[in-house]
Amino acid sequence: MAGLSLFGASPGDGGAGSQEVPGDAPQCSAKGCRADAVWALRWNNPSLHPPERRKTWAACEEHLEHLSAFLSMRGFLRETERLPA
Ligand SMILES: [Zn+2]
């Protein structure tokens, strides 16, 4: 952890940064789905990303199970977070 402070860019708050979900009303990440997302899936692919990195997928109620199963099957899923309404 200590080495990271050199860059001063570790996003400890999980807020700002290079999240893929834009501001207010993110859409579901499932293919072809345009529903408003109500869940955020935080994931990390250890073979591509440093361990502290989080990618975010958004999911509607309908696709939460599908997307989280996809990620957890691969061991990528880290957190599932309910988005504020
Ligand atoms: Zn969906």
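This is a predicted model: local features need pLDDT of at least 70, side-chain atom pairs count only at pLDDT 80 or more; totals for chains, interfaces and linings use all residues.

Analyst: Happy to; we can go through the fold, the sheet and the helix in turn.

User: Good to know. What secondary structure does the chain have?

Analyst: There are 1 helix and 3 strands. Following the sequence, the pattern reads β-β-α-β.

User: And how much of the chain is buried?

Analyst: Of its 85 residues, 18% count as buried. As for contacts with a separation of 6 or more, 59% of them link residues 24 or more positions apart.

User: OK, on to the sheet. In which order do the strands sit?

Analyst: The order is β2-β1-β3, in an open sheet with antiparallel pairing. From one strand to the next, the twist averages 20°.

User: How many bridges join β1 and β3?

Analyst: β1, residues 39–43, pairs with β3 over 5 bridges, in the antiparallel sense.

User: Found it. Where does the helix pack?

Analyst: α1, residues 61–73, packs on the sheet and touches β1, β2 and β3. The direction of α1 makes about 5° with that of β1.

User: Which residues of α1 are buried?

Analyst: They are His63, Leu64, Leu67 and Leu71. These residues cover an arc of only 125° around the axis, which puts them on the same side of α1. They pack against β1, β2 and β3.

User: What about the face turned away from that buried side?

Analyst: That face of α1 carries the exposed residues Glu62, Glu65, Ala69 and Met73.

User: What span should α1 have, going by its residue count?

Analyst: At 1.5 Å a residue, its 13 residues should span 18 Å. The end C-alpha atoms of α1 are 19 Å apart, which agrees.

User: Changing topic: where is Thr56?

Analyst: Thr56 lies in strand β2. In space, Thr56 is 8.7 Å from Asn44, C-alpha to C-alpha, and the two are 12 residues apart in sequence.

User: Why does Thr56 count as partly exposed?

Analyst: Thr56 has 19 other C-beta atoms within 10 Å. A residue needs 20 or more to be buried and 12 or fewer to be exposed, so Thr56 falls in between.

Key. Residues are numbered from 1 along each chain as its sequence is written. Helices (H or I, at least four residues) and strands (E, at least two) are DSSP runs, numbered from the N terminus. Two residues are in contact if their C-beta atoms, placed from the backbone, lie within 7 Å. Two strands pair if DSSP finds at least two bridges between them. Axes are lines fitted to C-alpha atoms, for helices over the stretch in contact, and angles run from 0 to 180 degrees between N-to-C directions. The expected span of a helix is 1.5 Å times one less than its number of residues. The arc is that of the directions from the helix axis to the C-beta atoms.
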